[in-house]
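Please open the structure in a viewer and display the side chains.

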Amino acid sequence: MVLNYIWIAFFVIAFVIGLIKLVFLGDTEIFQHMVEGVFNSSKSSVMDIALPLIGNMAFWLGILNVAEKAGAINFLSRIVGPFFQRLFPEVPKNHPATGQMLMNFSANMLGLDNAATPLGLKAMGSLQELNKDKETASNAQIMFLVLHTSGLQLLPVTIIAQRAILGAANPADVLIPCIIATYVATVVGIIAVAIRQKINLFNRVILGWIGGLTAFIATFIWYVTTHLSKEQITLASNVMSNFLLFLIPVVIILGGLRKKIDVFDAFIEGAKGGFETSVKIIPYLVAMLVAISVFRTCGALDYINDGVRWVVTQFNADTRFVDAMPVAYMKPLSGSGSKGMMIDVIKTFGPDSFAGRLASTFNGSADTTFYIVALYFGSVGIKRSRYAIPAGLLADLAGVITAILVCYLFFA
């Protein structure tokens, strides 16, 4: 229901702003630009996202099927089961969804975007099998979605690579701010959903796992800042991500060989679902990306930014962060849109400027909430998302605020 109102609002707001620009400002091309945006985003939804996703989905769903038959999913479920049983009490013990969710989270943490989406869609499908009301998101699905949209990531490889392309003196200098911001977003997301679902966060198992993850991230930050040079951080991020992206399927294939299963047939069996899932999500992608396109093209984001700048100015506060805010506005809506905004900010102010670094941190502080809701819930036919969007946006907001504070601490 929330997504329905937001989707309608995008079109209505875009039309009103376009009409004002036409009548009062004499902008005779505004509706032409919005119509072009509709056609371009409709085409991009299918040609640039859905169709390329078919091959990616087929490969990783095939690998995941091999992992399931080799027992890897059950193995992961046993390891993380005690923690997930507290966060996902509706999911039975050792259910395949537990291992699938863990693989999705692991891929996200390592910056393996190409693997994370197929694994996440598979996990959402498994959770849907447990869902009694097939058109309404279950508690487990909401918790999974919010954790996914918080975007916990240790290796923001694409951001570092983009900064290198745009001439940053030290492309990896946003690594630590990104980790801190996305970790805070994840913790806030867990707390928000847990309060709504009445999950006891003071349980020893939950505290132990969150404390352990916090210690691991703190150790990781300490190591890269004290033992690696700036150039080594950039190199290690790129090498490690690609190494792991290839290592994961190799390990799974060897595991299948060890279990004496027909690895090739198992892969083909799983890969067949890639086409069906990719086609199923096309209407949801078109609907969401077209709405985002008209909202962006009409200039609504610029007006929001001008309003924020005016408010900050009234308090005589530093307004440098406002220059990067368009990235924060766009991030919950569109990954490609936020990346485009980030590149625009970096080109305008420079990759090593405060705005350029903050824009990069914004892009790595959370994930695309609206896009993920449309994609993941759409893939299983969920029509009522309940409080998934507000909880996801709250996590995004926590990531944005943390990114601003951390960047002022590191770069101001």
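Begin with the buried residues of helix H17, whose covering includes helix H7 (157-165), helix H8 (175-197), helix H15 (325-330), helix H16 (335-349) and helix H19 (388-411). The model on display is a predicted one. Now select helix H17 itself, residues 354-363: 10 of its 10 residues are buried, so this helix is largely enclosed by the rest of the structure. Among the buried residues of H17 are Phe354, Arg357, Leu358, Phe362 and Asn363.

The charged end of Arg320 sits over the ring of Phe354, at 4.8 Å from the ring centre.

**Second stop: the nonpolar cores**

Next, select Phe88, Phe144, Leu358 and Phe362. In the largest nonpolar core, which has 92 residues, these four touch the most other members. Helix H18 gives the most to this core, namely nine residues. A second, separate core of 16 residues can be located through Leu152, Ile179, Ile217 and Val224, which are included in it.

Return to Phe88 and display what surrounds it. With neighbours within four places in sequence left aside, Phe88 is in contact with Met101, Ala140, Met143, Phe144 and Leu147.

How many aromatic pairs does a search of the whole structure find? The search finds 14. Select Phe83 and Phe84 as one of them: their rings form a tilted pair, 5.9 Å centre to centre, with 50° between the planes. Phe83 counts as buried at 10% relative accessibility, and Phe84 is buried as well, with a relative accessible area of 5%.

Proceed to Phe144 and Tyr376. The centres of these two rings are 6.2 Å apart and their planes stand at 50°, so this pair is also tilted. The pair links distant parts of the chain, for Phe144 lies in helix H6 (residues 139-149) and Tyr376 in helix H18 (residues 369-380), 232 residues apart. Phe144 counts as buried at 0% relative accessibility, and Tyr376 counts as buried at 1%.

A search of the whole structure finds zero disulfides.

**Last stop: Ser278**

Finally, select Ser278, which lies in helix H12 (residues 273-280). Is Ser278 buried or exposed? Ser278 is buried, with a relative accessible area of 1%. Which residues are in contact with Ser278, leaving aside its neighbours within four places in sequence? Ala50, Leu53, Ile54 and Met57 are in contact with Ser278. To finish, draw a distance between the C-alpha atoms of Ser278 and Met57: the two residues are 221 residues apart in sequence and 7.4 Å apart in space.

Methods: Residues are numbered from 1 along each chain as its sequence is written. This is a predicted model: local features need pLDDT of at least 70, side-chain atom pairs count only at pLDDT 80 or more; totals for chains, interfaces and linings use all residues. Side-chain values use heavy atoms; hydrogens and water are left out. Rings of Phe, Tyr and Trp (its six-membered ring) pair if their centres lie within 6.5 Å; planes under 30 degrees apart count as stacked, over 60 as edge-to-face and the rest as tilted. Buried means under 20% relative accessible area, exposed over 50%, partly exposed in between (1.4 Å probe, protein chains only). Helices (H or I, at least four residues) and strands (E, at least two) are DSSP runs, numbered from the N terminus. A charge sits over a ring if NZ of Lys or CZ of Arg is within 6 Å of the ring centre and within 35 degrees of the ring normal. Contact means heavy atoms within 4.5 Å. A nonpolar core is a set of buried Ala, Val, Leu, Ile, Met, Phe, Trp, Tyr and Cys residues joined through side-chain atoms within 4.5 Å. A disulfide is a pair of cysteine sulfur atoms within 2.5 Å.
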